[in-house]
Amino acid sequence: MSSHTSQEYVGLDVLDYEDRGRELSELISTKAGVKGLVDSGIHKVPRVFLSSADVKHQLERTSYDGTGNHVPIINLKDYEDKRRRNIVHEILQASKKWGVFQIINHGVPSLVMKNMLGCVYGFHEQPKELKEGFYSHDSTRKVWYYATVQPVRRAAFWKDTIACQFEDMTTDFEALPLICRNPMSDYVKHIVELKVKLCKLLSEALGLESNHLELMECMEARKVVGHYYPPCPEPDLTLGSAHHTDPYFLTILLQGDIDGLQVFNQDQWIDVQPMEGALIVMIGDLLQLISNDLLRSVEHRVLANRIGPRLSAACFFSTNGRNKDRKYGPIKELLSEKNPALYKEISQVEYYKHYSVHESCGSKSLPHLKL
Ligand code: OGA
Ligand code: NI
């Protein structure tokens, strides 16, 4: 990998230089991800990671928006009885204004969360020989481990990921690397229970019957990813993850105690402070679409850090195989003459394709589906 001096590339668009393809293939062929680079002792961020779009982001950090508010924190305690109406209201406000909120007293035991991050750490920290068999960029696999090396337009990300997708909760767990099997299956079971609760609360927030979203069968499949963001020698030159929205319905995210996650709100990047015991809920593009813009999907990114590794686990909910071609559009019950449908109908599979095209250019894809 070639290196450079920090000043040399700041502000320059370096994504189209001649050796880029070769440098990316070299990185892929190591099957050791970004962690492999860091372990080899590099002091400079290699060119393929240089992100020209977001220089100086490290200087402008804040956890508050223009009106002094932070990402909402919602306490789910007693959600089944006396506090339900308030909680539903808080979820609606947070999803409208931010598209993201943290939840506490959500019922997922702290040990289960700790073990989940523990196995993400454990997987990535294994000797290379034990994880390289999982290295792949084939997202149709049940389990795959990779560095994010977008081939077009965007710089590579400063992170490694293990991804797993579950259709059938009883047999698929067998495909997991041994070190992840028990912690991840426990975690996923709890997160699925939490998703069921959240679906009810979100249905009510939309003014629908509690079981409305569940009956739509749009959040049945789950993909779980465990991100490992290695310490970065030059954190202001690259990103752990470039800005994006999630192309699914709902995301439940667990982050460790190192910050870096930011959400875009009112023209500003705002830190999502790590909070012990909390989980982060994010509205995905397709929930924005079916809610006809009542709920909004949140744009977010992850900064690189000098310290690390930063760990996180995201669980994405989308339609499962059975419904993969089923088209989803704005929910009929939400529409009226005054509030006509804003989007065309689309299936999860089609949306993902559409998203991939726009995402690789760094642009939002949902607006392209407006009627
Ligand atoms: C994602 C994501 C954020 C994080 O996986 O889509 O945005 O904190 N992750 O790792
Ligand atoms: Ni995301």
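Y146 sits across from T161 in β4, in a predicted model where local features need pLDDT of at least 70, side-chain atom pairs count only at pLDDT 80 or more, and totals for chains, interfaces and linings use all residues. Residues are numbered from 1 along each chain as its sequence is written, chains are lettered from A and ligands numbered from 1 in written order, and side-chain values use heavy atoms, with hydrogens and water left out.

Strands are DSSP runs of E with at least two residues, helices are runs of H or I with at least four, and both are numbered from the N terminus. In a regular strand, side chains alternate between the two faces of the sheet.

Zooming out, eight strands make up an open sheet of mixed pairing, ordered β1-β2-β10-β7-β12-β5-β4-β3. The edges go to β1 (73-75) and β3 (143-147), each with a single partner strand, so one side of each has no neighbour in the sheet. Further in, β7 (residues 250-255) runs antiparallel to β12, joined by six bridges, and T251 has F316 of β12 as its bridge partner.

As for the packing, the largest nonpolar core has 107 residues, among which L279 and I290 touch the most other members. Such a core is a set of buried Ala, Val, Leu, Ile, Met, Phe, Trp, Tyr and Cys residues joined through side-chain atoms within 4.5 Å. Helix α7 (residues 178-205) supplies the largest share of this core, 12 residues.

Helix α10 (residues 348-359) buries Q348, Y351, H354, Y355, H358 and E359. Viewed down the axis of α10, these buried residues fall within an arc of 130° (taken from the directions from the helix axis to the C-beta atoms), so they line one face of the helix. They pack against β6 (239-244), α9 (285-290), β12 (310-318) and β14 (346-347), contact being heavy atoms within 4.5 Å. On the other side of α10, K353 and V357 are exposed.

Methods. Buried means under 20% relative accessible area, exposed over 50%, partly exposed in between (1.4 Å probe, protein chains only). Two strands pair if DSSP finds at least two bridges between them.
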